[in-house]
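Colleague: Can you walk me through this chain? I would like the plain version.

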Amino acid sequence: MLVTRQLTPRLNSFVHAFKEAHKVGTQARGQRRVAASQASPAAATTTAAAAARTPCRASHFRRETVCCSSNRDQEVGPMEVEIKLRLPDRGAYDKVASLLASSKTASYAQENYFFDGDANQLEATHTVLRLRFYNGNDKATVTIKGKQVLDKGIGRASEVEEDVPDAATARQWLQEPSKMLEASPLVNQLKDKLGIQHLVGMGGFRNQRDVFQWEGETLELDQTSYDWGTMYEIEVETVNPEALRPKLETFLTSNAIQHSYSKSSKFGNFKNKSLL
């Protein structure tokens, strides 16, 4: 049975964190405009100081749930911060996997499905509702995310997540999505906040995720399969993205692995039928 206490404060924190993520993206764009127009050491110093004051912190909600009796709910803020780098092809993907093979810790075949209200309430509020399955029915999670703000390969998005006790039961929600409104405490809170009466399935995509330890962080190597193509990506959740990103790029470059900054979230690619 899922424990429902403290979900309302978490959703309120989710809304606050989404606004913070949007503000960070706006600040970053403004800083680039200042640097371009002034191009002076003083301007660069101002920009660096502003970046150092960025209030975002990683929450690691992929591994943090709200269905336990722990008090960690109150300690972890609902903001996910991650480095996101695109790999050009399967060859680059395989090379990264080979270099990190000795530090591999897990492998997941993920199925990702998305939903909206029958009046598009979630799209209107830039909110994403995802149901994810791991390795068939080994595990299922429900996640609510804000729109990800991406800047030079660093993504920030508000996020809250809960485990589903019975993944087989969650499979039934693919045929009857509205059952989630009552069965999931997290979605039930969202229903009350946005006035959602029915949920509608949007479809989804598959993702093969291999997990490694690298530089004291968890590095995730993804092969994401859409109906219109496949993309390869590295993701690293970290509290120090600006410091870790150049280390990751150096690791790739020194091993002759081409890469680029991701320009869209996986959901954004799904929604827009793109591979960015």
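Modeller: What follows is a short chat about helices and cores. The model is predicted, so to speak of local features we need pLDDT of at least 70 and for side-chain atom pairs 80 or more, while totals for chains, interfaces and linings use all residues. Residues are numbered from 1 along each chain as its sequence is written, and side-chain values use heavy atoms, leaving out hydrogens and water.

Colleague: How many helices and strands are there in the protein chain?

Modeller: Nine helices and ten strands. These are DSSP runs, numbered from the N terminus: H or I of at least four residues for helices, E of at least two for strands.

Colleague: Which residues of α3 are buried?

Modeller: In α3, residues 90-99, they are Ala92, Tyr93 and Val96. Buried means under 20% relative accessible area with a 1.4 Å probe, protein chains only.

Colleague: Why are they on the same side of α3?

Modeller: Because they cover an arc of only 105° around the axis, taken from the directions from the helix axis to the C-beta atoms.

Colleague: And what do they pack against?

Modeller: β1, β7, β8, β9 and α8. Contact means heavy atoms within 4.5 Å.

Colleague: Switching topic, which residues have the most contacts inside the largest nonpolar core?

Modeller: Leu129 and Val142, in a core of 20 residues. Such a core is a set of buried Ala, Val, Leu, Ile, Met, Phe, Trp, Tyr and Cys residues joined through side-chain atoms within 4.5 Å.

Colleague: What other core lies apart from it?

Modeller: One of 19 residues, including Val96 and Leu252.

Methods: Buried < 20%, exposed > 50% of the residue type's maximum accessible area, 1.4 Å probe, protein only.
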